[in-house]
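Here is a short briefing on one protein model. Please look over the sequence and the structure before reading the points below.

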Amino acid sequence: MKPRIGVTCSLGDASPGQYTLSALYVKAIAAAGGVAVLLPCDEEADVEAMASSVDGLLVPGGGDIDPVYFGEEPRVENGRIDPTADAFEIAIIRRFLAQGRPVLGICRGMQVLNVAAGGDLYQDLYQGTGTSLQHRQNAPGWHGTHEIQIEPGSLLHRIVEAERLRVNSFHHQAVRRVASGFIASAKANDGVIEAIEARGPGFALGVQWHPERMVTRCQASKKLFAAFVQACRKKRA
Ligand code: MN
């Protein structure tokens with residue numbers, strides 16, 4: 001039986017009252033041998049029942065995170081906040097981490113993973129770091145526009161089998177303090193953290209780029225989904 005990957009989805013801007021999720025996540029999971037199961041963010045959601053219905057958790061891209069979760073007031077640069085998605089995703093991530101079950105966070109998903117585990121964020125990386133590297137690219141999503149350096153020996157390194165990679169970039173927030181129990185497993189050339197992972201044997205990985213948009217053209221992105229689905233398969237067995 002194929003591993004079941006829960007993918008959180010939240011209410012979008014475009015159609016009020018309707019859940020939205022890019023089909024590319026679903027297709028990337030399917031291409032890697034898994035089945036995507038959508039987990040809608042809702043205040044009334046039974047997080048425990050939803051978590052136990054799947055073998056792994058993918059937290060996708062989306063809007064900004066309410067900085068109240070790391071003790072800050074919102075800066076003027078902070079973007080759209082979805083309190084329901086924040087609460088639901090933090091709760092379900094904490095459950096997966098506590099149980100040592102596989103989690104993959106993508107873009108916002110990596111940032112929520114870090115906050116759920118006790119780390120914090122730059123509400124706006126341009127204010128926080130002073131970088132002038134373009135992290136909100138104007139090129140299409142399948143094209144990697146900036147380089148990252150991957151920590152040798154990390155889980156990410158073992159998966160992509162490379163120390164440098166070109167990735168796409170669609171973010172203005174970034175991980176600042178990495179949660180305890182996690183490491184920064186990749187950085188852009190300006191020092192902005194581009195991947196985090198839990199120390200230890202499990203699979204809890206966050207990437208700041210969007211591998212689901214690169215997967216058909218980029219071996220590393222393909223390997224990432226393959227390794228995640230494989231970790232979910234193992235955990236199930
Ligand atoms: Mn970037």
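Is Glu 161 buried or exposed? Glu 161 is exposed, because its relative accessible area is 59%, and the cut-off for exposed is over 50%. The model is predicted.

- His 171 sits in the loop between β8 and β9 (174-175), and Glu 194 sits in strand β11 (residues 193-198). The pair therefore ties together parts that are 23 residues apart in sequence.
- His 171 and Glu 194 are both buried.

**Nonpolar cores**

- In soluble globular proteins, nonpolar side chains tend to be buried together.
- The largest nonpolar core here has 34 residues. Leu 58, Ile 106, Leu 156, Leu 205, Trp 209 and Phe 225 touch the most other members.
- Several elements each supply at least two residues of this core, including β1 (4-11), α1 (23-31), β5 (103-106), β7 (146-150) and β12 (204-207). Helices α6 (155-160) and α7 (219-236) are also among them.
- The largest share of this core comes from α7, with seven residues.
- A second, separate core has 31 residues. Leu 39, Val 59, Ile 65 and Met 110 are among them.
- Beyond its neighbours up to four places away in sequence, Leu 156 touches Ile 150, Glu 161, Ser 185, Ala 186, Ala 195, Glu 197, Leu 205, Trp 209 and Leu 224.

**Largest pocket**

- The volume of the largest pocket is about 580 Å³.
- Its lining is made of 32 residues. Gly 61, Gly 62, Gly 63, Arg 80 and Arg 108 lie nearest the centre of the pocket.
- β1, α1, α3 and α4 (108-116) each supply at least two lining residues. β1 gives the most, with four.

**Buried Asp 86**

- Asp 86 is part of helix α3 (residues 83-98).
- Asp 86 counts as buried because its relative accessibility is 1%, where the cut-off is under 20%.
- A polar atom of the Asp 86 side chain lies 3.0 Å from the backbone nitrogen of Asp 66.
- Leaving out residues up to four places away in sequence, Asp 86 touches Asp 64, Ile 65, Asp 66, Tyr 69, Ile 81 and Arg 108.

**Helix α4**

- How many of the nine residues of α4 are buried? Nine of the nine are, so α4 is largely enclosed by the rest of the structure.
- The buried residues of α4 include Arg 108, Gln 111 and Asn 114. Met 110, Val 112, Leu 113 and Val 115 are also among them.
- Just after α4, Gly 118 takes a positive phi of about 105°.

- Lys 2 lies in the segment before β1. The C-alpha atoms of Lys 2 and Gln 230 are separated by 9.9 Å, although the two residues are 228 residues apart along the chain.
- Not counting residues up to four places away in sequence, Lys 2 touches Gly 33, Val 35, Asp 55 and Arg 236.
- Ala 36 belongs to strand β3 (residues 35-40). Ala 36 and Gly 6 are 30 residues apart in sequence, but 5.9 Å apart from C-alpha to C-alpha.
- Apart from neighbours within four places in sequence, Ala 36 is in contact with Ile 5, Val 7, Val 26 and Ile 29.

- Most residues other than glycine have a negative phi.
- Cys 107 is not a glycine, yet it has a positive phi of about 55°. Cys 107 lies in the loop between β5 and α4. Cys 107 counts as buried, because its relative accessibility is 6%.
- Glu 161 also has a positive phi, near 55°. Its place is in the loop between α6 and β8.
- Cys 107 is buried, whereas Glu 161 is exposed.

Note on methods:
Residues are numbered from 1 along each chain as its sequence is written. This is a predicted model: local features need pLDDT of at least 70, side-chain atom pairs count only at pLDDT 80 or more; totals for chains, interfaces and linings use all residues. Side-chain values use heavy atoms; hydrogens and water are left out. A nonpolar core is a set of buried Ala, Val, Leu, Ile, Met, Phe, Trp, Tyr and Cys residues joined through side-chain atoms within 4.5 Å. Buried means under 20% relative accessible area, exposed over 50%, partly exposed in between (1.4 Å probe, protein chains only). Contact means heavy atoms within 4.5 Å. A polar contact is a pair of N or O atoms within 3.5 Å; within protein, one must be able to donate a hydrogen and the other to accept it, and residues adjacent in sequence count only if both atoms are side-chain atoms. On a 1 Å grid over the protein atoms alone, a cavity is a set of points where a 1.4 Å probe fits but cannot get out, and a pocket is an open set with protein on both sides within 12 Å along at least five of seven lines; lining residues have an atom within 4 Å of a point. Grid points are joined across faces, edges and corners, and a volume is the space filled by probe spheres set on the points.
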